[in-house]
Amino acid sequence: MNQPSLSALHTSALTSLPLLARGKVRDNYAVGDDRILMVASDRLSAFDVIMGEPIPGKGVLLTQMALFWFDKLGHICPNHLTGEAPESVVTPAELPQVQGRSMLVKRLKPILVEAVVRGYLAGSGWKEYQETQSVCGVPLPAGLTNAAKLPEPIYTPAAKAEMGDHDENITFERTVEMVGEELATRIRDLSIQIYREAAAIALTKGMIIADTKFEFGLTDDGELVLMDEVLTPDSSRYWPVEGYAAALAAGENPPSYDKQFVRDWLEQAKVNGKAWDKTAPAPRLPQDVINKTAAKYREALDRLTA
């Protein structure tokens with residue numbers, strides 16, 4: 001049997017549990033009515049389109065990274081882990097699909113707000129800042145450059161979109177309308193606190209967390225719980241410290257630990273002689289791009305846990 005980190009799993013196919021949903025990366029199965037088995041596949045999405053080729057070992061790396069952070073941040077906020085072994089709820093034949101890449105978690109009522117925290121100006125935030133000198137309605141000082149560190153981390157929530165659509169940036173005031181002032185404020189304050197602490201830990205490993213997003217849910221008795229995945233390269237922009245200063249000085253994007261290889265390749269990919277229009281199906285990824293992307297995810301986990 002191959003080790004799970006060496007074989008690629010594009011889509012899980014467990015038959016012993018009912019499938020609840022397939023996301024861009026995770027396949028969620030019901031375990032009774034109070035738990036969910038989350039299986040992190042090796043699927044990769046870019047521009048909200050799922051690639052046909054998996055990135056071998058990616059799901060294992062994402063899961064190990066999320067578990068690392070849940071362990072480090074548990075004192076700030078409870079999380080959805082049950083502490084039970086995912087392997088205990090599937091058949092022996094299904095173990096290869098589950099080992100190393102799954103979490104057995106509590107079934108919560110999800111809050112449909114993506115809690116985004118930005119510590120640096122990057123991506124869509126940089127684009128918006130150039131036009132409005134603000135990000136998602138949060139005014140920022142004049143004269144900031146691409147990849148600049150913000151004076152303080154800012155909270156820029158998004159509304160979760162249907163599968164295949166883009167999440168929509170919203171104001172904090174809109175989250176108050178959605179979930180009430182007390183809960184909206186608690187999510188904002190917790191998110192910033194978690195980001196600050198995680199960014200400080202990552203910095204000791206020579207990594208910058210430029211921005212990230214968190215997801216929260218509620219237990220039946222109303223307790224706020226950190227859920228889904230946390231602080232992986234899929235949900236966070238990681239930059240190595242080395243190379244950051246030079247990129248900042250040049251006004252360029254720093255090198256990153258994520259799917260940037262794939263995005264860069266797709267930006268110049270041709271389909272029937274024309275630039276890909278960023279709708280499914282995606283162009284077939286070359287092996288070189290798959291290998292480099294897998295290596296980046298591996299390096300991120302290795303540095304973080306060294």
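This is a predicted model: local features need pLDDT of at least 70, side-chain atom pairs count only at pLDDT 80 or more; totals for chains, interfaces and linings use all residues.
Residues are numbered from 1 along each chain as its sequence is written, and side-chain values use heavy atoms, with hydrogens and water left out.

Contact (heavy atoms within 4.5 Å) involves 29 residues of domain 1 and 30 residues of domain 2. The buried area, defined as the accessible area (1.4 Å probe) that two parts lose on being put together, summed over both, is about 2,500 Å², with 74% of it on carbon and sulfur atoms. On the side of domain 1, M65, W69 and I76 lose the most area to domain 2, together 27% of what that side buries.

Salt bridges were assigned where a side-chain nitrogen of Lys or Arg lies within 4 Å of a carboxyl oxygen of Asp or Glu. Helix α1 (residues 58–73) supplies the largest share of the side of domain 1 that touches domain 2, namely 11 residues. Helices (H or I, at least four residues) and strands (E, at least two) are DSSP runs, numbered from the N terminus.

K58 belongs to α1 and forms a salt bridge with D234 at 2.9 Å, N to O. Relative accessible area was classed as buried under 20%, exposed over 50% and partly exposed in between (1.4 Å probe, protein chains only). K58 is buried because its relative accessible area is 1%. Leaving aside residues up to four places away in sequence, K58 touches V25, S41, D42, R43, L44, D234 and Y297.

A salt bridge also joins E229 and R26, with the closest N and O atoms 3.3 Å apart. E229 lies in the loop between β15 (224–227) and β16 (236–240), and R26 in strand β2 (residues 26–31), 203 residues apart. Both E229 and R26 are buried.

In helix α8 (residues 287–305), D288 and K292 are 4 residues apart, about one turn of the helix, and their side chains meet in a salt bridge at 3.5 Å, N to O. D288 is partly exposed at 45% relative accessible area, as is K292 at 39%.
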